[in-house]
Amino acid sequence: MTLPRLNRIIRALEERRPAYACFSKVDRDSAQELGDAPYDGVVFEMEHNPYDVSAFGDALQYMLNRRTIAEAGSVASSVTPLARIPANGVEMNQACAKQVLDRGAYGVITPHVSTVEQAYNAVASCRYARPKGSALYEPKGVRGDGPAHAARYWGLTQAEYYERADVWPLAPHGELLVGLMIESPEAIENLGDILSNVPGIGFCLIGQGDLSQALGYPRQYGHPEVVDAVRQIVALCHEHDVVVGNPHVDAGNVDRLIGEGFRFLMAAPTRSYGIVGQGVQLSGY
């Protein structure tokens, strides 16, 4: 029997349609408002905002709406929560991924991933260990065992959580997404090797701010060198059939970005909801 998909972002991607999300601060009011928003997902931002795991756990609870759960017949939040952790890829900080997953996050975005080793670690940090030689052994899981809070948040037994807490699309039944921030010339140089050699990457999200800084044109997103760097990332992701995302989506560029092949689209948060582009919600909280 096919189990109902809990992760709404994965559901959209499996249906070959764009997934829409936005960044959010980690607080109760924002979480409550976003829990009722017509997004596929929300990324709680803890790279540049404080890394507060207790507040993150509270925010996940405030996303839940009992009426929506009763009407939908699903215990999952109607908007899927992910977390962007503070540790850069080079820091190999597995603890950050472990802690947000243990609170119930459906995925982790790791900033500044530039090498195969860093990408491998980002995926491995989201996977439990399994016997050597078992199916889907690589990347070898290093996530510590502490699923009680996450299983309860997902509405599953611990045994059910173990079965589904694996990374998609490596594990087709998996409900966890691993996102890599690609935001440097070194990352672009190594991206082909990363996508060829590290299974389990859910999407690559282009960090245009840091990328433009590294190229010497801070936030000049229309500069030819920045545009060309973005084009290279998109082309490599398409070549390897990996979802590519853009965090600078608005009513003026959404149709163009969809046409260019972006499938994970993030809007800047605003204080009111609005439907833009192809009739799709793209404003924030």
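Trainee: Which residue does Arg127 meet in a salt bridge?

Mentor: The model is a predicted one, and the values that follow are computed from it. For Arg127 the N to O distance in the salt bridge is 2.8 Å, and the partner is Asp166.

Trainee: How many residues apart are Arg127 and Asp166?

Mentor: Arg127 lies in the loop between helix 6 and helix 7, whereas Asp166 lies in the loop between helix 8 (158-164) and strand 5 (177-182). The pair therefore links distant parts of the chain, and the separation is 39 residues.

Trainee: Is Arg127 buried or exposed, and what is the state of Asp166?

Mentor: The cut-off for a buried residue is a relative accessible area under 20%. Arg127 has 1%, and Asp166 has 4%. Arg127 is therefore buried, and the state of Asp166 is likewise buried.

Trainee: Which parts of the chain does the salt bridge between Asp102 and Arg143 tie together?

Mentor: The side chains of Asp102 and Arg143 meet with an N to O distance of 2.9 Å. The two residues are 41 residues apart in sequence. Asp102 is buried at 12% relative accessibility, and Arg143 is buried at 5%. The parts tied together are helix 5 (residues 94-103), which holds Asp102, and the loop between helix 6 (116-124) and helix 7 (148-154), which holds Arg143.

Trainee: Glu14 forms a salt bridge with Arg5; which of the two is buried and which is partly exposed?

Mentor: The closest N and O atoms of this pair are 2.7 Å apart. Arg5 has a relative accessible area of 15%, while Glu14 has 39%.

Trainee: How many disulfides does the structure have?

Mentor: A disulfide requires two cysteine sulfur atoms within 2.5 Å. The sulfur of Cys204 is 4.0 Å from the closest cysteine sulfur, in Cys237, which is too far for a bond. For Cys126 the closest cysteine sulfur, in Cys96, is 11 Å away, again too far. The count of disulfides comes to zero.

Trainee: Which element gives the largest share of the lining of the largest cavity?

Mentor: A search of the whole structure finds one cavity of 30 Å³ or more, and the largest cavity holds about 90 Å³ of space. Its lining has 14 residues, with Ile85, Asn93, Thr110, Asn121 and Ala122 nearest the centre. Helix 5, strand 4 (107-110) and helix 6 each give two or more residues to the lining. The largest share, three residues, comes from helix 6.

Trainee: How many charged residues are in the lining of the largest cavity?

Mentor: By class, six lining residues are nonpolar and eight are polar.

Trainee: What is the C-alpha separation of Met46 and Lys25?

Mentor: Met46 is in the loop between strand 2 (41-45) and helix 3 (53-63), and it is buried at 0% relative accessibility. Its contacts beyond four places in sequence include Val26, Phe56, Ile85 and Val100. Met46 and Lys25 are 21 residues apart along the chain, and their C-alpha atoms are separated by 7.7 Å.

Trainee: Where is the residue Pro169, whose peptide bond from Trp168 is cis?

Mentor: Most peptide bonds are trans. The bond from Trp168 to Pro169 is cis, with omega near 10°. Pro169 is found in the loop between helix 8 and strand 5.

Trainee: What is the phi of Asp241?

Mentor: Most residues other than glycine have a negative phi. Asp241 lies in the loop between helix 11 (224-239) and strand 7 (243-249), and it is exposed, with a relative accessible area of 56%. Although Asp241 is not a glycine, its phi is positive, at about 55°.

Note on methods:
Residues are numbered from 1 along each chain as its sequence is written. This is a predicted model: local features need pLDDT of at least 70, side-chain atom pairs count only at pLDDT 80 or more; totals for chains, interfaces and linings use all residues. Side-chain values use heavy atoms; hydrogens and water are left out. A salt bridge is a side-chain nitrogen of Lys or Arg within 4 Å of a carboxyl oxygen of Asp or Glu. Buried means under 20% relative accessible area, exposed over 50%, partly exposed in between (1.4 Å probe, protein chains only). Helices (H or I, at least four residues) and strands (E, at least two) are DSSP runs, numbered from the N terminus. On a 1 Å grid over the protein atoms alone, a cavity is a set of points where a 1.4 Å probe fits but cannot get out, and a pocket is an open set with protein on both sides within 12 Å along at least five of seven lines; lining residues have an atom within 4 Å of a point. Grid points are joined across faces, edges and corners, and a volume is the space filled by probe spheres set on the points. Ala, Val, Leu, Ile, Met, Phe, Trp, Tyr, Cys and Pro count as nonpolar, Asp, Glu, Lys and Arg as charged, and the others, Gly among them, as polar. Contact means heavy atoms within 4.5 Å.
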